[in-house]
Amino acid sequence: MNKDPIITLENITVDFPVKGGIPFLPKKRLQAVSDVSFSVFPGETFGIVGESGCGKSTLANTMLGIVKPSVGEVTFKGKKLFDLSRKEFKSIRRDMQMIFQDPYSSLNPRFTVFQVIAEPMIISKSATEEEMVERVGELLELVGLSKDDMHRHPSDFSGGQQQRIAIARSIILNPDFLVCDEPVAALDVSVHAQILNLLQDIQERMDITYVLISHNLAMVKNICDRIVVMYLGKVMESGRSEHIFDHAKHPYTHALLSAVLDTNVEEERELVVLKGDIPSPIDPPKGCRFYQRCPYAMQGCRTIPVPQVEIDSGHHVACHYVNGFPEGDKPEDYDKRIEQAHEEANV
Amino acid sequence: MEEPTLRMRKLKVIFPSGRGIIRAVEGVDIDIEKGECVALVGESGCGKSVTSRSIMKLIDSPPALTRVDELYFGGKDIKDFSESEMRKVRGKEMAMIFQDAMEALNPVITCGKQIAEIFLRHHDMDKKEARRETVKALELVGVPEPASRAKNYPHELSGGMRQRVLLAMAFACMPKLILADEPTTSLDVTIQAQVLNELRNLQKSHDVSLLLVTHDLSVVSNLADKVYVMYSGKIVEKASLRQLFEKPHHPYSIGLLNSVPKLSDEESGFEQIPGTVPHPMRKPEGCYFHPRCNHATEKCKKEMPPLSAINDESEVRCWHPRNMEREEAMT
């Protein structure tokens, strides 16, 4: 891939002031995303995986210029997103769209389907009334609904159909870049496949770059070309799909993979059940953010910051256990260490 | 043979409304043996939650009209139990775990007090004893520092912890039957793994029967012994876990199983069930699944198939069951 990236994030840190606290003292800050960098290339599907509170939605909002990062730079098609004037920003926003998790709350209940889907066109003043009607009809058919549904209201549709309407709205301005924030999490299992197939279909037809956000690794597996795994605002592991699924190194990725429930009853899988809950992102530890729940946590993990180390071309892991501490202590073979840890646990 | 924990025959629940009648549950039979985990699987709107609530008689009537031919629980006929009689059963012999812990718990009472309430109500205990039992109950479900957690209000705990508080409440009196309605849907994946693990260990070690209501077949694979698949108010397939996962017979079960994304999948497409669940007021004629079924014939459009046994381990409601031995399929 030697094309220019469509969007680049450099050292993005987003933090929010926390309400309350002691008056006159500096407010505590919640660090939702901390020092995240990556690029997304045209035509690919990029996955962001993590549990709630890991900062994946904040990151999505930053990519679209909704949330301003406290540190770092977002470059979309060669332009720095947060240096643009209001007017420039408005015109560039047409090329980037978003699909939200809950279709019902993202559609205005008082609008008809036509109004919902045509709204981006009305705002951008790019078409006449007849053109809009025609375009909305086309899109409704593309997403598997019928033209006549245009005059009904969102509440007349089931969850899956509502999500189809939301998809139609997001692609009406022919965007190049689409962020899907948990597009199927609020829907029934049997509808998941329909929506994901539709998204893939649209990508092929319209050549859109996707960023797909999810908590389910199995869902992401066959759609995404590259994946980042996040935990508490930090990237734990990133790489191409096969890196993450066949050669996962980070203990957190292992835990996530093992938490994916399968319908295979034949095979007894080894379950990695993490202890404890996701800690609060206020005052995170200096070292590895995962150390409290990590089964292989070592003394230094708490205090020594973890660098991203490239262990294979394009495969980055941030873990002391895999890479060894920065000074002294040479990195050993990961599998050997796991074996050792298991033996120690058995003794 | 021992008496089953639950034996229910022909449960029907109807919600009359201004615009028509919603037949939420249409003749559902459920048997749960002692110490068995039975799963009730279906999409939203298929009547699975209504079924589990009617077992506990939690469906208000009016507006609903409930009728059941037989309802035996722990050897007793509870079909005609009054509200006050049911109150003695609920919590003590039959308990429920709800989906959303934040809504199930009272936000202005500490978690400990809410658990202690069960002991005070069903056992002859004073407050001190109840408090001690509460801490024990919390410890049982794997809550760290149970004594101080008991003093917390629900909003002070994380989602996983709240769900454990509900587990503690359900297991407090060691009931015969626990009804778990989507116990892990609102949790994160790694927390879901923890809670499911806990639930399975408790269920097995205390020999409690469990009815697990869920839309996610993958949750079932780790827990259940027997699975009922429900569609539009009717049971469409009833089978042992192994049978269902290896040789599902009903096209709907096959569709549900295929739509779970798997890590072992190699292809990039997703297998899908076309169409959507029928509206409960406008159910199609004949087999309710026929508009979405690839194998539907004329017969399917006219007649509802009966739930018939295929072998010892499974029953299916379909005119043309799949995955059959060749000779049988020809007939």
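This is a predicted model: local features need pLDDT of at least 70, side-chain atom pairs count only at pLDDT 80 or more; totals for chains, interfaces and linings use all residues.
**Entry 1**

I looked up helix H4 (residues 111-122) and helix H5 (residues 127-140), both of chain B; their axes come within 8 Å and cross at roughly 115°. Is the crossing left-handed or right-handed? I have it down as right-handed for H4(B) passing H5(B).

Next I listed who meets whom. From H4(B) come Gly112(B), Ile115(B), Ala116(B), Phe119(B) and Leu120(B). Across from them, H5(B) brings Lys127(B), Ala130(B), Glu133(B), Thr134(B), Ala137(B) and Leu138(B). Sorting the residues of this contact by class, I get 7 nonpolar, 2 polar and 2 charged.

**Entry 2: where chain A touches chain B**

I moved on to the two chains together. On chain A, 39 residues are in contact with 46 residues of chain B. The area buried between the chains is about 3,600 Å², and carbon and sulfur atoms give 55% of that.

How many salt bridges did I find between chain A and chain B? The count is 0. For polar contact between the two chains, I wrote down 3 residue pairs, both residues at pLDDT 80 or more.

Which elements of chain A give two or more residues to the side that touches chain B? They are helix H7 (189-206), helix H8 (217-221) and helix H10 (251-259). H7(A) gives the most, with 8 residues.

**Entry 3: Asp15(A)**

I picked out Asp15(A), which sits in strand S1 (residues 7-17) of chain A. Leaving out residues up to four places away in sequence, Asp15(A) touches Arg29(A), Leu30(A), Gln31(A), Ala32(A) and Ser70(A). I checked its side chain for polar contacts: one of 3.3 Å joins it to the side chain of Arg29(A), and one of 2.9 Å joins it to the side chain of Ser70(A).

**Entry 4: a salt bridge in chain A**

Over all chains, I have 30 salt bridges on record. One that I looked up pairs the side chains of Lys56(A) and Glu182(A), at 3.8 Å from N to O. Side chains of opposite charge can pair when their charged atoms come close.

Where do the two partners sit? Lys56(A) is in helix H1 (residues 56-63) of chain A, while Glu182(A) is in the loop between strand S7 (177-181) and H7 of chain A. The pair links distant parts of the chain, 126 residues apart.

Technical notes: Residues are numbered from 1 along each chain as its sequence is written. Chains are lettered from A and ligands numbered from 1 in the order in which they are written. Side-chain values use heavy atoms; hydrogens and water are left out. Axes are lines fitted to C-alpha atoms, for helices over the stretch in contact, and angles run from 0 to 180 degrees between N-to-C directions. Helices (H or I, at least four residues) and strands (E, at least two) are DSSP runs, numbered from the N terminus. A crossing is left-handed if the near helix is turned anticlockwise from the far one by less than a right angle, and right-handed if clockwise. Contact means heavy atoms within 4.5 Å. Ala, Val, Leu, Ile, Met, Phe, Trp, Tyr, Cys and Pro count as nonpolar, Asp, Glu, Lys and Arg as charged, and the others, Gly among them, as polar. Buried area is the accessible area (1.4 Å probe) that two parts lose on being put together, summed over both. A salt bridge is a side-chain nitrogen of Lys or Arg within 4 Å of a carboxyl oxygen of Asp or Glu. A polar contact is a pair of N or O atoms within 3.5 Å; within protein, one must be able to donate a hydrogen and the other to accept it, and residues adjacent in sequence count only if both atoms are side-chain atoms.
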